[in-house]
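This report describes selected features of a protein model.

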Amino acid sequence: MMKPLVCIALLVCVPGAFAADVLVIDDFEYSDAAAAGEAWRTAEESAPVQIMARQTTTGTTALVLPCDFSRGRRNERAVVDRNVELDLVRYGSIDFDFYAEDPAPIRGGTLYFRSGSGWYGAGFGIERGWNRIRLGKGAFRSEGSPAGWDRVDGVRIAIWKSRDIDTSCAVDNLHARSETIVVVSGRDVGPESQAARETAERVGGLLSAAGIPHGIHSSKDVLAGTLQGRRLAIFAYSPGMESEEVERIRDFVHDGGKIIIFYTLRSDVAALLGFSSPAYRSRERPGQFDEVVFDSAAVAGLPERVFQGSWNVTVARPADDGGRVIGWWQDAQGNRGEPAVVLSDRGAFMGHIMTGEDLGSKQGFLLALVGHFEPSAWRDAAQNALSGAVRVGPFTELAELEAFLQQRGPKSPFSSQISAHWEQARAEAATMTQLLADERYQETIARAARVRSLLAEAYVLAHRPRDGEFRAVWNHSGTGDLANWDDAMRALSQAGFNAVVPNMWWGGVAHYASDLLPRSATFEEKGDQIAQAVEAGKRYGVQVHPWKVNYRLGHTTPEFTQQMRKAGRLQATVTGEVTEWLCPSHPDNQRLEIDTMVEVARNYDVDGVHFDYIRYPGEESCYCDGCRERFEAHMGRAVQDWPGDCHRGTLTQQYRDWRCEQINAVVRGTAKQVRAIKPYVKISAAVFSGYPGTKRSIGQDWLLWCREGWLDFVCPMNYTTSDSGFRSMSESQMGHLQGAVPLYTGIGHWRIPDEQAIGQVEISRSLGSDGFILFNMGTALGERGLPKFGRALTSAPAVLPHNAPVIRFRSPADDDQPVVLVSGDTLTLEASLAGLGAHRRQATGVRGVLQVEDLAGEAQAELADLPESGGSVTVTIPRRTGTFRVGAVGELSFADGTAERFILRSRPYRFAE
C-alpha cells in the first residue's frame, strides 16, 4: 500500500500579485426563470433558460441552459442571447463559471459578442461540474463584419451537440478583465493576421500555464489606448507595425512600461529599447537556427536552452552599456551563432516568434523574462505550480491519481518503480508549502516541478501495451524532424510505433520528384523525401503513408500561383477576396488533386496515401465565378442573388450539398485509381472532429467516405487540452462510424504534456478506437516524448488493424452509441469473413479464432474458430461485467509460403445493469 502524499490541494491560497480591473457583464442574479428569460432569449428552437441555486461569495443563483439534444431539431446547438451595450476595448480577457451535468453529449461551447453586423466568437472546452473558463480576447474570431469591441451590443452562448442525448449546463459570473500584463497579437488584417493571432495565443497559453494573469489585445486596441496603465506588453508577432502604434509604445515606455517583442523589430522601436538597428537573416543551411542557448545566470529562472527550429531570424545587439545579450542562436551541430535574445532595462527582444516546439522550456523562458520585469509574478507562478503538481494525465485530484496507481501498479512489471516514484514525490512534497510560505518562489516552482515529474513518471509506467493497434505520428515538415529519416525511423521503432504520416506535398509544391507540381526548396536541399522515408521505414519496420495538404498551395513558386490565378483556378471568398487555395469545383483542380495522389502511389513503394485539408477553408468559400457557373449548371437555372442566395439565402442547403460533392469526387476518384494500380495501398484522411457539422462548415462528409469504402481508415483531429472534450468528440465519432472502418484518433501532442497524451490514448482505447496518431513529430516528440510512450504504453510490438482480412461484425444490439449497451443476459454477434483483403503478396488462406477481450486487448474467453472466406459464424456471449470487444485473432497465409499475424476487433459492448 502506498503512503498518502501530502495534500497539496488544501494549500492556503496566496493573493494574486496583479490586481485586475473587472467588469461584471452578468452576475446572473435573477429572481426567477421568467426574469432570466426576459434577459436571455432563446434562439434556433432552443429550450427556455432556467435558474438554479448556487451559493458563492458573489451571489446565490446561476443561469441554466437546457440542452435538449434528443429531440429532432434542425440546428446542432442550444443558443441563448442577451442584448447589452458594452465597450470592451480595454479588457483583454473574458472569464466565467461554467457547469456541465454530463459533458458526453456536448462537443464544446462558444461565447459570442455581437457587434454591428458581425460577431466575435471563441470556443471553450467543457468538463463535468463547475469550472472557471478564461478566454483571452485574442482567441475570438470575427464572423461577418463586426463593428468593433467598443460597440458590443449582444452576448450569445452556444452549446454544440455531440450526441442525441439531453443534458444541461449552467453559467455564472460572466466578467471582462483588464490585466496589467498584455499580449499583443498584431494587426488583424492582411496575410499574416492568422499567424499573428496563433502566435499570440501560443504566448498567452504559456503565460496561463505558468499562472500569470494577462489579456490578449490586437494592434487596433493599442491604437485605441489599451496600453495606458499597463506594466508589461508582450508583442508576440507584429508584422507591419504602423508608426501610430509605435507612438503609443513610446508613450507606454516613457511612462515606465516594459516591452518584450518577438521577431519583427522596427528600427525606431529598437532604438527606444536601447538596441541596434535590426538585421534580417535567412536560413542558409538546415538546422542553422535550431536552438537558443542562454546565459542562465543573466536572468533568474532562465533555462539552459530552448528548441526553436527557426527558419528566418532578426538580429539585434545592445546599442549601449545598458543592454546585454542573454541568448544566442545555436545550430544543429552545436555551433553558437549570432545574438538571439537581448535585454535592456526597458525591455527584451527575441529574434523569432516562439515556435510550437519545446513548450515547457519556452514557458520557463517567458516566465523568467516576465519575472525579471515584474518580480511579483513569481508569487502567482509559485502558487500555480504548487496546485498543478498533482495534475497528471486525466487526473486533477490527488486521490484519483492514487486510486489509479493502486489499481494498476501491482499488475505492472514496473510495480517497484511506481512505488519508488510515489514515495520520492511524497518526500519532496513535504517541504513545498513551507517554501511558498517563506516566499522562496523559484525554489517552490522547482520543487513542484520535481514532484509533478515523479508523479507523471509513475503514471506513465502504470500503462499496458495493446496488440492490434496503429501507432503513428504526423510529421508536418516532411523531413522527419530529427537529423535525418534514418534517425526518425529508429526513434519511432524503438518506441514501439509502427507508422509515420509525413507531409510530402501540398496543392502547389512537392518534397519529392513530382512531374505535376513544382519541387520544393526542401527537395532541392535534402533530396527526395518520400524515397528517403520509405527506405528508412523498410529498414526499421515502420509503415509510410505520405500526406498531402490538398488544395492549399503552400510555399509554391510565384509562377505556379500566377498560373492558377490567371486560369481562374483559385478560391474566392463570399466578399470576392481571392485566396491561395485551389477551387475544389474546378475540373482541372479535381484532376490535379487525384493525379498527384495517384502519382505518389504509382512511383513509390508506400503503404498508403493520406488526405489532409480535403475540405474548404470554411463557410465563406468558395464563391468564385467558376463556382457560380458550375453550380448553376448543376441546378439547371440561374442564381438570382449571387452569392447571397447560396451563402445565407434560399439555396444555402443545396449549395452546401454541392460543395460536399466537389470534395467527394476527389476522394472517390483517388480511391478508384489508386486501387486500380496498387490495391494494397491504403487510403486515409485527417478529418475535422465535429461531424456532421463538417458537412455544413467545410464541405467534408467523411462519414460517407468511410461507409462507401473510399477510405481504409480515418483519423479525426481531436486536438484539445480538455480530456472530457476529447472523450466527447471520440464518443460521437465512434457512434457515427459504427465500425465501418478502423478509426485512429488524432491527438494534439504539441498542446499537452506527454502523460496527458498517453491518457488520451487510454480514453480512445476505451471507446473502441483501433489506434492513435500524434501531431506533430518534431524534436520535442522525437527525442523526449516517444521514449515515454515506449516505456509502457507501446512497449511491445503491435500488428496493424488495416492489414487484417475483411471481417464484419454485426449484432441486433448495434446502435449509434459509442459503446453498445446490451439488454438481457446474452449478446448474439455474427462475424463474417468477407475476403482476405488486399496485400503486397497474394493471400491464400486464413485461420484464427474469435475471442472476448478486455479494452487492453487481453483475451477473456475463446468463442469460435473463424469461418472460411465468404462464410460467417454466430456466437453467443453470456452476461459479463465491464466493457469488452470481440477480437478476430489469427494468421494470414500467402502464396510464397509466409504467414502474417492479424488482429481485428468489433465495436465495444457492455451489458446493461
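How many bridges join strand E7 to strand E10? The model under discussion is predicted, and in this model strand E7 (residues 106–124) and strand E10 (residues 152–161) are joined by 8 bridges.

E7 and E10 run antiparallel. Within this pairing, Tyr-112 stands opposite Arg-156 of E10. Strands of a sheet pair through backbone hydrogen bonds, in a parallel or an antiparallel manner.

Both strands belong to an open sheet of 5 strands, in the order E2-E5-E10-E7-E9, and the pairing is antiparallel. From one strand to the next, the twist averages 30°.

## Strand E40 and its partners

Strand E40 (residues 885–894) is largely enclosed by the rest of the structure, because 7 of its 10 residues are buried. Strand E37 (residues 843–853) is joined to E40 by 10 bridges, and the two run antiparallel. E40 also pairs with strand E41 (residues 899–905) in the antiparallel sense, over 7 bridges.

Gly-887 of E40 takes part in both pairings: Gln-851 stands opposite Gly-887, and Gly-887 in turn stands opposite Arg-905 in E41. E40 and E41 form a hairpin with 4 residues between them. In the turn of this hairpin, Gly-897 has a positive phi of about 90°.

## Nonpolar cores

The largest nonpolar core contains 161 residues, of which Ile-234, Phe-365 and Trp-705 touch the most other members. Helix H11 (residues 441–461) supplies the largest share of this core, with 11 residues. A second, separate core has 40 residues, among them Ala-78, Phe-113, Val-155 and Cys-169.

Which residues are in contact with Trp-705, leaving aside its neighbours within four places in sequence? They are Ile-614, Ile-663, Asn-664, Val-667, Ala-685, Val-687, Gln-700, Trp-710 and Leu-711.

## Packing of H12 against H14

Two packed helices are described by the angle and the distance between their axes. For helix H12 (residues 485–494) and helix H14 (residues 529–540), the axes come within 9 Å and cross at roughly 40°. The crossing is right-handed.

On the H12 side, the contact is made by Trp-485, Asp-486, Met-489, Arg-490 and Ser-493. On the H14 side, Gln-529, Gln-532, Ala-533, Ala-536, Gly-537, Arg-539 and Tyr-540 take part. By class, this contact has 5 nonpolar, 4 polar and 3 charged residues.

## Backbone geometry in loops

The bond from Ser-621 to Cys-622 is cis, with omega near -5°, and Cys-622 lies in the loop between strand E29 (608–612) and helix H17 (625–635). The bond from Phe-775 to Asn-776 is also cis, with omega near 15°; Asn-776 is located in the loop between strand E33 (771–775) and helix H24 (779–791).

Phe-28 is not a glycine, yet has a positive phi of about 60°. Phe-28 occupies the loop between strand E1 (21–26) and helix H1 (33–39). Is Phe-28 buried or exposed? Phe-28 is buried, with a relative accessible area of 0%.

Glu-439 likewise has a positive phi of about 60° without being a glycine, and lies in the loop between helix H10 (432–437) and H11. Glu-439 is exposed, its relative accessible area being 56%.

Notes:
Residues are numbered from 1 along each chain as its sequence is written. This is a predicted model: local features need pLDDT of at least 70, side-chain atom pairs count only at pLDDT 80 or more; totals for chains, interfaces and linings use all residues. Side-chain values use heavy atoms; hydrogens and water are left out. Axes are lines fitted to C-alpha atoms, for helices over the stretch in contact, and angles run from 0 to 180 degrees between N-to-C directions. A crossing is left-handed if the near helix is turned anticlockwise from the far one by less than a right angle, and right-handed if clockwise. Contact means heavy atoms within 4.5 Å. Ala, Val, Leu, Ile, Met, Phe, Trp, Tyr, Cys and Pro count as nonpolar, Asp, Glu, Lys and Arg as charged, and the others, Gly among them, as polar. A nonpolar core is a set of buried Ala, Val, Leu, Ile, Met, Phe, Trp, Tyr and Cys residues joined through side-chain atoms within 4.5 Å. Buried means under 20% relative accessible area, exposed over 50%, partly exposed in between (1.4 Å probe, protein chains only). Two strands pair if DSSP finds at least two bridges between them.
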